[in-house]
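Hi,

Here is the structure I promised to pass on to you. Have a look at it first, and then read my notes below.

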Amino acid sequence: MERPMSEIEYDVVIVGGGNAALCAALSARENGAGSVLVLERASEEERGGNSSYTEGLMRFAYTGSDDIRALSPDLTPEEMDSDFGSYTEDMFFDDMARITHNRTDPDLCEILVRQSNATMHWMVKQGVKFYPQFGRQSFKVDGKFKFWGGATLAAWGGGQGLVDSLYAAVKKAGIDVRYNAWARELISSDAGVEGVIVKLDGVTQQVRAKSVVLACGGFEANSEWRTKYLGPGWDLAKVRGSKFNTGDGLDMALKVGAQPKGNWSGCHAVGWERYAEDFGDLSVTGDYERDSYPWSIMVNAAGKRFLDEGADIRNYTYAKYGKVILEQPGQFAWQIFDSTVVHLLRPEYKTRRVTRVVADTLEELVDRMGDVDRETFLKTVRDYNASITRDVPFDPTVKDGRRTEGLDIPKSNWANPIETGPFEAYAVTCGITFTFGGLRISTDAQAIDGGERPIPGLYVAGELVGGLFYFNYPGATGLMSGAVFGRIAGRNAAIAARATRESVRTAKVSAM
């Protein structure tokens with residue numbers, strides 16, 4: 001029988017059960033923590049937080065195909081004969097600065113970028129397998145896969161594969177895991193954080209610890225907090241991932257004096273199936289992404305375009321366009337595709353769980369859409385088609401410069417006319433992934449209080465790290481951030497626990 005948690009003082013307790021939490025747990029163990037406990041609010045079947053709902057894609061710095069081979073040693077010669085390009089640290093820095101309007105915390109950003117490659121190798125040692133995203137992050141050019149967007153490798157099996165691999169490593173390392181364990185409050189004193197109050201299978205108990213790592217997600221699944229911090233209308237957004245990310249870690253930390261930091265009014269939000277469930281469902285969520293919009297025009301209920309679908313490649317715009325869709329009348333939009341580009345649509349557009357209409361003419365299409373102003377829509381398409389610089393060739397593998405001219409809202413790349421039927425239209429709404437507001441941490445991932453002092457015994461990783469992302473987000477950076485700062489938080493939590501052990505031992509010897 002397992003001993004009750006209340007009878008054990010752990011070296012390190014990890015609150016959360018996703019990528020960041022598991023990396024923290026493994027790091028704590030390898031850095032000398034004798035006893036490590038993971039508290040996962042979800043059941044074993046729903047474990048993994050938002051990590052389970054991702055594609056498992058990781059953004060990291062690499063210089064060429066040799067780096068890819070080192071991380072994916074099982075690739076065949078044919079697979080290695082791909083154009084993996086490079087994604088240097090300078091490119092990573094430029095993307096983080098550009099996408100966040102130069103607001104990203106420079107110290108945290110430097111840690112993220114410079115440790116990204118080494119963290120990938122560390123994860124491989126933990127048993128995670130990575131494989132190039134041939135089908136979603138590359139196009140075939142002259143018979144060879146050409147990768148784009150700085151996000152090349154994903155965990156084998158996607159997010160669920162990543163989570164399963166990390167849990168297998170946790171089990172092998174002898175780390176305790178408790179499911180249905182809802183952490184509600186930190187135990188603290190003037191000496192710092194000393195444990196967690198947790199409701200385990202409905203029974204509240206105390207868990208003592210020398211160090212605590214909070215890695216339990218943001219507040220994206222809390223409709224009250226979304227409305228409070230993100231603004232009106234955000235209670236109507238769909239939640240792409242875990243229903244358990246309700247801001248508990250943030251609430252606990254703020255109550256013991258942790259300092260908030262970052263873009264609390266901002267979040268990662270995407271175009272999502274209009275009639276998806278309110279929360280993520282691991283069995284179907286992968287069917288709801290609608291990220292092929294660069295080849296479309298998007299219109300709202302008034303029949304008007306409202307954003308630049310071709311401003312940049314998908315990886316650099318998809319996380320901010322959900323917000324723009326939410327701001328439209330009725331909180332929805334339609335993506336309209338000409339028949340000449342439908343072969344480029346991602347696989348999820350072909351599933352059963354999709355709101356899709358098809359018609360041979362634009363007049364039939366808008367009639368079947370049913371909730372879009374007919375005459376304005378037809379005028380929008382006519383004006384769009386007439387504005388395209390058709391002498392520029394279409395190329396989906398790069399920002400091709402095929403643009404519109406003279407429109408109030410331009411399309412900067414991939415401006416193909418909507419004129420060859422049959423036409424296809426897909427209804428989308430806003431799907432929120434995670435919130436950007438978090439906690440201020442040191443470069444050791446230790447929580448900082450309102451008086452600019454580190455909080456003894458409290459460390460932070462994952463979505464709770466404040467100051468990295470503002471307004472937008474380079475795709476596939478979230479899992480990398482979770483792994484990098486999870487590893488740092490676990491290591492320093494273990495070091496602090498060892499120091500506490502030594503001071504207690506010294507005090508006992510002195511008292512003899």
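**The loop around Leu407**

Leu407 sits in the loop that runs between α12 (374-386) and β18 (423-435); helices (H or I, at least four residues) and strands (E, at least two) are DSSP runs, numbered from the N terminus. Please keep in mind that this is a predicted model, in which local features need pLDDT of at least 70, side-chain atom pairs count only at pLDDT 80 or more, and totals for chains, interfaces and linings use all residues. Residues are numbered from 1 along each chain as its sequence is written, and side-chain values use heavy atoms, with hydrogens and water left out.

With a relative accessibility of 25%, Leu407 counts as partly exposed (buried means under 20% relative accessible area, exposed over 50%, partly exposed in between, with a 1.4 Å probe and protein chains only). Leaving aside neighbours within four places in sequence, Leu407 is in contact with Arg305, Asp383, Tyr384 and Ser387, where contact means heavy atoms within 4.5 Å.

The peptide bond that joins Gly421 and Pro422 is cis, with omega about 0°.

**Backbone points to check**

Most residues other than glycine have a negative phi, and most peptide bonds are trans. Two non-glycine residues are worth a look here. Asn180, in the loop between β8 (176-178) and β9, has a positive phi near 55°, and its 35% relative accessibility makes it partly exposed. Glu452, in the loop between β20 (446-448) and β21, has a positive phi of about 70°; at 46% relative accessibility, Glu452 is also counted as partly exposed.

**Cores and helix α9**

The largest nonpolar core has 141 residues, and Val15 and Phe485 touch the most other members. Such a core is a set of buried Ala, Val, Leu, Ile, Met, Phe, Trp, Tyr and Cys residues joined through side-chain atoms within 4.5 Å. Helix α13 (residues 477-511) gives the most to this core, namely 10 residues. A second, separate core holds 23 residues, among them Ile336, Val357, Tyr384 and Ile418.

Which residues does Val15 contact, leaving aside neighbours within four places in sequence? They are Leu39, Ala183, Val196, Val212, Val213, Leu214, Ala215, Cys216 and Met252.

After α9 comes Gly257, with a positive phi near 100°.

**α4 against α5**

Finally, a helix pair. The axes of α4 (residues 89-99) and α5 (residues 106-114) come within 10 Å and cross at roughly 140°; axes are lines fitted to C-alpha atoms, for helices over the stretch in contact, and angles run from 0 to 180 degrees between N-to-C directions. The two helices are therefore oblique to each other (under 35 degrees counts as roughly parallel, over 145 as roughly antiparallel, 65 to 115 as roughly perpendicular and the rest as oblique). Glu89, Phe92, Phe93 and Met96 of α4 make the contact with Cys109, Glu110, Leu112, Val113 and Arg114 of α5.

Best wishes
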